[in-house]
Amino acid sequence: MVDIPRNTVTNQAEEIVNHEQFEDMRDLLEEDFADLIQVYMTDSQQRVASLRIAQQENDNTNGFEIAHALKGASANLGTTQLVNLSSQLQTLCCEHRISEQAELIEDIAVALQRAEQEINQRLGQ
């Protein structure tokens, strides 16, 4: 069993949202961008809730799939912390260790809140 160094959300050196990726997506989608953000936030919050359930039920397969979906959606918007934390959780699910990951899932929830705050700031909301 290999221990993965955890980059906790408290690491302020890591960017929350990649500016260039975020702006590229905004330019690409134009007026549909606000809708994408709303869907992303709603879906991501539901995924975090589902991750908590998967962790409680020791469901590594479902945890992996949810973390993978969250990582992909987050990568599209450039929410860097969420990509990194979701990737860590995916790896741990492959090692059948989701039952030990309540803290990491809470780190993901906090990273989502921070991403939402930064995105709202960027959108002037």
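**Loops, helices and a ring pair in a predicted model**

Me: Where does asparagine 58 lie?

Reply: Asparagine 58 lies in the loop between α2 and α3, the latter spanning residues 60-77. Please note that this is a predicted model.

Me: What is phi of asparagine 58?

Reply: Phi of asparagine 58 is near 55 degrees, which is a positive value in a residue other than glycine.

Me: And how exposed is asparagine 58?

Reply: Asparagine 58 has a relative accessible area of 42%, so it counts as partly exposed.

Me: Is glutamate 30 buried or exposed?

Reply: Glutamate 30 counts as exposed, because its relative accessibility is 54% and the cut-off for exposed is over 50%.

Me: Let us step back. How many helices and strands are in the chain?

Reply: The chain has five helices and zero strands. Read from the N terminus, the order of elements is α-α-α-α-α.

Me: What share of the chain is buried?

Reply: Of the 125 residues in the chain, 38% are buried. As for contacts between residues at least 6 apart in sequence, 75% of them join residues at least 24 apart.

Me: How many aromatic pairs does a search of the whole structure find?

Reply: The search finds one aromatic pair. Phenylalanine 22 and phenylalanine 33 form this pair, which is edge-to-face, with 5.1 Å centre to centre and 85 degrees between the planes.

Me: Which helices does the pair link?

Reply: Phenylalanine 22 belongs to helix α1 (residues 19-29) and phenylalanine 33 to helix α2 (residues 33-56), so that the pair links distant parts of the chain, 11 residues apart. Both phenylalanine 22 and phenylalanine 33 are buried.

Me: What sits over the ring of phenylalanine 22?

Reply: The charged end of arginine 122 sits there, 5.3 Å from the centre of the ring.

Me: What about methionine 25, buried or exposed?

Reply: Methionine 25, found in helix α1, counts as buried because its relative accessibility is 17%. Leaving aside neighbours within four places in sequence, methionine 25 is in contact with Phe33, Leu36, Asn76 and Leu77.

Me: How far apart are methionine 25 and asparagine 76?

Reply: Methionine 25 and asparagine 76 are 51 residues apart in sequence, and 7.5 Å apart in space from C-alpha to C-alpha.

Me: New topic: at what angle do the axes of helix α4 and helix α5 cross?

Reply: The axes of helix α4 (residues 80-94) and helix α5 (residues 102-122) cross at roughly 160 degrees and come within 9 Å. The two helices, α4 and α5, are therefore roughly antiparallel to each other, and α4 passes α5 in a left-handed crossing.

Me: Which residues meet there?

Reply: On the α4 side, the residues include Leu82, Leu85, Leu89 and Leu92, and those they meet in α5 include Ile105, Ile108, Leu112 and Ala115.

Me: Alanine 115, then. What does it touch?

Reply: Not counting residues up to four places away in sequence, alanine 115 touches Ile16, Val17, Met41, Thr79 and Leu82. Alanine 115 counts as buried because its relative accessibility is 0%.

Key:
Residues numbered from 1 in each chain as written. Predicted model: local features only at pLDDT ≥ 70, side-chain atom pairs only at ≥ 80, totals over all residues. Heavy atoms only, no water. Phe/Tyr/Trp six-rings, centres within 6.5 Å; stacked < 30°, edge-to-face > 60°. Helix = DSSP H or I, 4+ residues; strand = E, 2+ residues; numbered from the N terminus. Buried < 20%, exposed > 50% of the residue type's maximum accessible area, 1.4 Å probe, protein only. Lys NZ or Arg CZ within 6 Å of the ring centre and 35° of its normal. Axes fitted to C-alpha atoms, helices over the stretch in contact; angles between N-to-C directions. Parallel < 35°, antiparallel > 145°, perpendicular 65-115°, else oblique. Left-handed = near helix turned anticlockwise from the far one by under 90°. Contact = heavy atoms within 4.5 Å.
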